[in-house]
Amino acid sequence: MEQKPFSRGLLSSEADSQRTLYPYVTGTSVVALKYKDGILMAADMGGSYGSTLRYKTVERMKSIGKHSLLGASGELSDFQEILRYLDELILYDNMWDDGNSLGPKEVHSYLTRVMYNRRNKFNPLWNSLVLGGVKNGQKYLGMVSMIGVNFEDDHVATGFGNHLARPILREEWHENLSFEDGVKLLEKCMRVLLYRDRSAVNKLQIAKITDEGVTVSQPYSLKTFWGFSAFSNPTAGAEGSW
Amino acid sequence: MSSIGTGYDLSVTTFSPDGRVFQIEYAAKAVDNSGTVIGIKCKDGIVMGVEKLITSKMMLPGSNRRIHSVHRHSGMAVAGLAADGRQIVARAKSEATNYESTYGEAIPVKELAQRVASYVHLCTLYWWLRPFGCGVILGGYDRDGPQLYLVEPSGISYRYFGAAIGKGKQAAKTEIEKLKLSEMTCREGIIEVAKIIYKVHDEAKDKAFELEMSWACDESKRQHEKVPEELLEEAKAAAKLALEEMDAD
């Protein structure tokens with residue numbers, strides 16, 4: 001990412017063409033929560049090109065090193081770039097070969113620095129990142145936004161999930177959820193998102209990370225119910241409409 | 001074979017009348033004075049071992065690493081001036097990550113060896129740079145299978161199935177030649193490398209040493225890593241046993 005000399009300034013038109021102005025191919029919400037053995041994270045597999053649901057097999061959750069799981073919403077190319085930075089980070093960490101490895105807290109801190117510094121140059125990585133992991137029995141779940149806002153919590157969500165999923169999580173999350181209950185809770189949130197978020201796609205993956213490692217489920221679909229009486233004869237109130 | 005290069009040995013940019021560059025040969029002497037470093041290529045991977053001479057009783061075991069990972073699939077064992085070695089390792093790491101950034105796949109070991117050799121050679125071309133005083137055994141496992149390369153201070157790099165540099169290199173080479181490497185697995189290779197290092201270690205001249213070993217084989221999922229503790233202990237025990245049997249004769 002080259003910066004033009006200072007005489008041009010950061011907001012001039014030539015520098016403009018090199019800054020991220022809008023996202024192009026985007027992923028929608030990621031929802032995650034802490035459960036008994038670790039972290040559970042869910043994200044659908046959609047990549048939208050504006051309002052077109054263009055890509056339907058996009059993996060928006062990736063494992064980072066031995067202890068972390070990263071989920072991203074927002075610009076997918078920026079997510080891929082972040083994965084490359086993290087790959088190098090983990091590689092150098094591994095090459096020390098000293099028995100230590102970066103845990104989720106460290107990766108979260110690194111991501112926060114990257115996102116915040118990019119934002120300061122008016123050239124953000126257009127993502128909301130969810131970072132969850134377990135190291136030495138300690139569970140960790142955090143979030144970083146594209147402007148570098150970061151925090152740690154027992155349950156997080158990005159994008160529309162902030163508005164639709166978090167209220168559900170606040171009501172129904174509790175300490176020491178079992179795996180099955182955690183998945184049910186996540187599916188409840190994802191179902192609401194599927195009904196109400198225009199960029200949601202009915203093909204999702206659920207990933208879990210525990211002390212033993214990361215497992216990302218095979219893609220599957222949620223059952224939906226559209227048999228409401230109001231849908232059976234939609235033009236009942238106004239002939240000729242649709 | 002040592003000859004006095006009076007007058008022709010002051011700069012690395014001077015040839016002697018018989019076509020030698022003495023500074024490079026002197027650099028090679030620095031390698032010959034360091035602890036032995038061995039690498040072998042077995043049928044399922046490579047094994048490298050270093051005789052780390054302990055200069056002070058106060059040194060913590062496991063410190064002063066002589067074998068470094070350069071990428072996921074390859075590593076380097078360094079003999080000679082340790083600080084020079086660190087430079088080469090840093091450069092190799094940088095070349096490897098650069099290649100992966102550009103081409104999207106892990107750097108082939110052959111390519112890495114060429115780049116490292118190029119870099120070492122570079123420092124023999126200018127009068128304001130001195131040659132590296134270290135030799136490097138580069139071992140890795142890529143699409144073409146396990147490979148072993150030796151890079152000397154002159155910038156020469158050859159591919160080997162068994163290589164040794166350092167104090168005991170002559171004795172070590174003889175021992176390696178006795179091994180049937182094409183039929184050996186890395187597990188067996190570890191024991192052999194340990195035995196050779198213990199054997200060529202000169203008890204009289206250098207007191208203590210620490211054995212450092214690494215491998216990149218099918219068992220380690222083609223990643224370069226330190227040999228696991230239990231296997232290392234097993235190898236050391238077997239090596240000590242072999243030594244005792246030899247002494248008993």
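Helices (H or I, at least four residues) and strands (E, at least two) are DSSP runs, numbered from the N terminus. This is a predicted model, where local features need pLDDT of at least 70, side-chain atom pairs count only at pLDDT 80 or more, and totals for chains, interfaces and linings use all residues. Residues are numbered from 1 along each chain as its sequence is written, chains are lettered from A and ligands numbered from 1 in the order in which they are written, and side-chain values use heavy atoms, with hydrogens and water left out.

On a 1 Å grid over the protein atoms alone, a pocket is an open set of points with protein on both sides within 12 Å along at least five of seven lines. A cavity is a set of points where a 1.4 Å probe fits but cannot get out. Lining residues have an atom within 4 Å of a point. Grid points are joined across faces, edges and corners, and a volume is the space filled by probe spheres set on the points.

The largest pocket holds about 820 Å³ of space. Its lining has 28 residues. Nearest its centre lie Lys66(A), Asn94(A), Met95(A), Gln223(B) and Glu225(B). Helix α2(A) gives the most to this lining, with eight residues. The lining splits into seven nonpolar, eleven polar and ten charged residues. Here Ala, Val, Leu, Ile, Met, Phe, Trp, Tyr, Cys and Pro count as nonpolar, Asp, Glu, Lys and Arg as charged, and the others, Gly among them, as polar.

Now turn to the interface. Eleven residues of chain B are in contact (heavy atoms within 4.5 Å) with eight residues of chain A. The buried area is about 830 Å², and carbon and sulfur atoms give 47% of it. Buried area is the accessible area (1.4 Å probe) that two parts lose on being put together, summed over both. On the chain B side, Arg72(B), Lys93(B) and Thr97(B) lose the most area to chain A, together 44% of what that side buries.

Two salt bridges link the chains. In a salt bridge, a side-chain nitrogen of Lys or Arg is within 4 Å of a carboxyl oxygen of Asp or Glu. One joins the side chains of Asp87(A) and Arg72(B), at 3.8 Å from N to O. Helix α2(B) gives the most to the side of chain B that touches chain A, with four residues. That side has one nonpolar, five polar and five charged residues.

The whole structure has two of 30 Å³ or more. The largest cavity has a volume of about 70 Å³. Its lining includes Thr28(A), Asp44(A) and Met190(A). Helix α5 of chain A, residues 179-196, gives the most, with three residues. Seven lining residues are nonpolar, two polar and one charged.
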